[in-house]
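Dear colleague,

Please find below the structure that I am handing over to you, with its sequence. My notes on it follow directly after.

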Amino acid sequence: MKKYILLGILSLIIVGGGIGYYMFNKKVPTLENTTSDYVIGANDLFNEFENNESEALKKYENKIIEVTGKVISVKNNDNDSNIILEADMAMAGGVNCSFKYKQDEEITKGSIVTIKGQCQGFLMDVVLNNSQLIK
Amino acid sequence: MKKVTLITALLCFSFGIFGQKHITRTGTIQFFSETDIENIEAINNQVSSVIDAENGEIAFSLLMKAFTFEKALMQEHFNEKYVESEKFPKAKFKGKIINFSSAELSENPKEYTIKGSLTIHGVTKEIEEKISLSKTNSNHIIGTSTFIAIPEDYEIKIPSIVRGNISKTIEIKVKMDYEKMD
């Protein structure tokens, strides 16, 4: 009997440890298979933040947003990249999206793209990160 | 007479350019914590910064939540337990580059002292660090800096249970590529 209890405890420790180890090493998931909370244009999204940052934050913070707009700049780093979408009311900016991968060369200034990203707040631009290019 | 007007106009024009601000919205700030148990690394490449080429005034702002980690749990703990991103969403620096002169900038990086106030986790500290500045062919100003910050200074509390996993001093690396503002 004692043996079984011991065995039980041991397997619990192993499973628990395994789960713990898995949780510890779990990567930040990509947004690839997530549904967007909001679908919106770059202009409208920027204006909501510009007009009332705290209200917009309540609505959008941590939410997954699918935003469409005109590319104003693309920046490729070694392992990641940024795309900034234009908003009329922003000074040479609008929606700042960061990606954990590099962009294809076909994305250039002036392209119209749709990007899905997680909203983190507002600086000079609305900031989305962990982004994925939809089209 | 016309010539004088033209020269004056040109002078004003070039002076205007000279006084212009340089800006980036995709600056990179990384931090590293190294201990025997584990290494922690996070990157934020959505840092906004403006540098005034005329007087060397410089400002940075970033969203704490825009730091991305490789491991999900680290990112969660960082935001929820340590820097409390919901309560203190932004970190800021405002200061001046000492003895700055944009005319001195060249392709060879030159080291300057930067002085100002850094606000993290709602706590503001006066800091003085080194910054290296250069200028590219395309008239971009490149700024890089590496310095050490101590979480305790900013009242960032690290529970004793994980103290072994997180270094007492955090190395911060800054890389900015400023474009002239149109």
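**Findings in the predicted model**

In chain A, helix α2 covers residues 42-51, and its buried residues are A42(A), N43(A), L45(A), F46(A) and F49(A). These buried residues line one face of the helix, because they fall within an arc of 165° when α2(A) is viewed down its axis. As a general point, an α-helix has 3.6 residues a turn, so residues three or four places apart point the same way.

Please bear in mind that this is a predicted model. Chain A is divided into two parts: domain 1 spans 1-29 and domain 2 spans 38-133. Taken over C-alpha atoms, the centres of domain 1 of chain A and domain 2 of chain A are separated by 41 Å.

N130(A), a residue other than glycine, has a positive phi, near 55°. This residue belongs to strand β6 of chain A, which runs over residues 126-133. Is N130(A) buried or exposed? N130(A) is buried, because 21 other C-beta atoms lie within 10 Å, and the cut-off for a buried residue is 20 or more.

In chain B, N139(B) is not a glycine either, yet its phi is positive, at about 70°. N139(B) sits in the loop between β7 (123-135) and β8 (141-149) of chain B. With 12 other C-beta atoms within 10 Å, N139(B) is exposed, since a residue counts as exposed at 12 or fewer.

Yours sincerely

How values were computed: Residues are numbered from 1 along each chain as its sequence is written. Chains are lettered from A and ligands numbered from 1 in the order in which they are written. This is a predicted model: local features need pLDDT of at least 70, side-chain atom pairs count only at pLDDT 80 or more; totals for chains, interfaces and linings use all residues. Domain bounds come from an automatic or database domain assignment. Helices (H or I, at least four residues) and strands (E, at least two) are DSSP runs, numbered from the N terminus. The arc is that of the directions from the helix axis to the C-beta atoms.
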